[in-house]
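Come along and look things up with me.

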Amino acid sequence: MEELKLEDFLSYRFLSQVRFAPGGKRAGFVVSDSCPEENCYESRLYLWENGAVRQLTDLGKENRFVWEDETHLLFPAVRSKKETKRAEAGEPFTSFYRLDIRGGEALPAFTAPFQAGSLRPLGGEKYLATGVVDAACPDFYAMSAEERAKVLEEKKADKDYEVFDEIPFWSNGGGVVNKSRTALFLLSGGRWKRLTPPCFSVDSFTVLGERIFFSGEAYETKPSLISQLWIADAGTGEARCLAEKSGLAVEEITQAGEKILVIGTRMEKHGLNENAQVFVLNPETGELSLLRAEQESMYSSVGSDCRLGGGESCGSFGGSLYHITTRWGNSHLYRLDMDGSSTPVLEKEGSIDCISVDDTTGKVLMAAMFGQKLQELYLLDPATGALVRQTSFNEECLRGKYVAEPKRMVIRSQGLDIEGWVLEPRDYDSTKRYPAVLDIHGGPKTVYGSVFYHEMQLWANRGYFVFFCNPKGSDGRGNEFMDIRGAYGETDYENIMDFTDAVLRAYPQIDPARVAVTGGSYGGFMTNWIIGHTDRFACAASQRSIANWLSFYGVSDIGFCFANDQCDANVFDSPEKMWEHSPLRYAGNVKTPTLFIHSDEDYRCPLAEGLQMYTALVDRGVPARLCCFHGENHELSRSGKPQHRVRRLKEITDWIEKYTK
């Protein structure tokens, strides 16, 4: 078998945004490709119809769309010189184009006078859209051209400084978001109307007949994380609050048949990461009735570095809700019926990444990763259980390459069953000795599984054993298992070390003196924690990490809520507990040569976290290196610019090889 190379990921193709057209005869989806020459990604719209696939657009910038009817779709784009000039001037707007899939060019449909997000056609030339507004100037969209020009000039004059008067003041991947809100707009009669109050930010919305249901919260200085529930009339645009205090952090409002479903969590027993439950909303009173009480997630959290773009996690048919759920190291498809019962529809090893449900037949189209293959499109017929692959976008890029098959291991650690996997090196010879890499996932409420992971496969191709597991704190096994609030670095650390010991026992071919450890986000936290508590690893690569919960509280976009919640403490009343669980406290013990990878626009685990650990190690004479990526954020390893992703993986691989080979 040929060796899989570091740059091979540049040929991978990524599928997202799968959506059936009304009537279910066809579907659209997005295909994205790396463009290393321009150091970017290009995305195009594709059509699936009767098992055949064809490309619809070719500008390389079409990464989202919505069906208007059975044969027309709408997508945002900047295609004219006038639009380009407006965009370059910093004017917020979104032009939508209409494409007839039966033939012809995409033509201008309408323009939203704001940066639009989701779009929902309501029929009769009515549309519902989310859009970004400045809470300090929420009616900018309705101003005259002269008034808008004046506001833009004033903003341009203020470009050299920022004013923060609320939290969060920035968002990972979103930049500075002070006074930024997601509003809900109605386009009717050629005019846009904002349905939400000026300081209100929308979480989710759905439409049933002439009624619009949405959730969100109005706040001045800090969100409470508890959503309000609202209803609006699609005819008049009048909106009113149904439930001012729902008690829920709403993840999504959706529907099944004639019922409005609210997916959210009360965060009462297990904090911010508590898995959502499903409630039925009474559209008259705003009352919520519990429908689904089980404590499993309703999305896929199976990690991979071979995705780009998102899609829907649920859809309805026949009065039931079909949804993705993570169970142990896989994500499956389940059906929730309105009597509260939950039934597996597709349980297959791998990851279902996004779905669309045909509301006329119940068939499900999905982008998924099965059998150590990259993403492809699959069609499932729930009535027969038949699952048929529809595309072969990634067939050639792995042909003839060595792809290690994950060997599943379940060990007993700290009274828990811990699931993990081992990848054997290319040309594995049981009479030889090998180095190894321990890889730790982020989250911590995510999972590793048996799906294709490029960086791990690269290391296996470079002659390494690679092993990874899901310690306590991971997703897929209910709320109790994922809850490590106030206990970071305790049972989870022991689970990972016990799994490491078990792998070394199972594979005596691994040289214990040549084992490296790496991980990102929570995996970076845990890497920092490990090197402060043991020197058993030859080297470490800590990526986008947390080093100090006290500083994280004040600089991360989620710090003000996540740090307190996960530490079960706060900087005012119990700072000693936050410090006790901070890897920086133990940096004086570190002897392990460590590489730090961070990005200067990572507002989730900011650069300051890596700098603190790096400074501590260099100050104490421990070999260390920090590689900072400009213009990248927390998603560097998953959606960073192609050349940056190559450099990141090269930095890590070179560092590991320096100390293990």
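**Entry 1: ground rules.** I call a residue buried under 20% relative accessible area, exposed over 50%, and partly exposed in between (1.4 Å probe, protein chains only). This is a predicted model, where local features need pLDDT of at least 70 and side-chain atom pairs count only at pLDDT 80 or more, while totals for chains, interfaces and linings use all residues. Residues are numbered from 1 along each chain as its sequence is written, and side-chain values use heavy atoms, with hydrogens and water left out.

**Entry 2: Asn 564.** I started with Asn 564, which is partly exposed because its relative accessible area is 23%. I found Asn 564 in helix 8, residues 559-567; helices are DSSP runs of H or I with at least four residues, strands are runs of E with at least two, and both are numbered from the N terminus. Which residues does Asn 564 contact, leaving aside neighbours within four places in sequence? I listed Tyr 553, Gly 559, Ala 569, Asn 570, Val 571 and Met 578, where contact means heavy atoms within 4.5 Å. I also looked up Arg 485, which is 79 residues from Asn 564 in sequence and 9.1 Å from it in space, C-alpha to C-alpha.

**Entry 3: Glu 609.** I moved on to helix 10 (residues 607-619), where Glu 609 is found. Glu 609 is buried yet has no salt bridge, a salt bridge being a side-chain nitrogen of Lys or Arg within 4 Å of a carboxyl oxygen of Asp or Glu. How far away is the nearest side chain of opposite charge? I noted Arg 604, at 12 Å; in this count Lys and Arg are positive, Asp and Glu are negative, and His and the chain ends are left out.

What does the side chain of Glu 609 reach at 2.9 Å? I traced it to the backbone nitrogen of Asn 548. The side chain of Glu 609 also makes a polar contact with the side chain of Ser 551 at 2.7 Å. A polar contact is a pair of N or O atoms within 3.5 Å; within protein, one must be able to donate a hydrogen and the other to accept it, and residues adjacent in sequence count only if both atoms are side-chain atoms. Beyond four places in sequence, the residues that Glu 609 touches include Ile 546, Phe 552 and His 598.

**Entry 4: salt bridges.** I searched the whole structure and got 44 salt bridges. Asp 8 is buried at 15% relative accessible area, and Lys 401 is buried at 13%.

I then checked Arg 211 and Glu 284, which form a salt bridge at 3.3 Å, N to O. Arg 211 is partly exposed at 30%, whereas Glu 284 is exposed at 54%. I also wrote down a network of salt bridges that links Glu 3, Arg 426, Asp 427, Arg 462, Glu 657 and Lys 661.

Entry 5: I ended with four strands that form an open sheet in the order 9-10-13-14, with antiparallel pairing. Two strands pair if DSSP finds at least two bridges between them. The edge strands, each pairing on one side only, are strand 9 (115-123) and strand 14 (191-194). Strand 13 (residues 180-188) pairs with strand 14 over four bridges.
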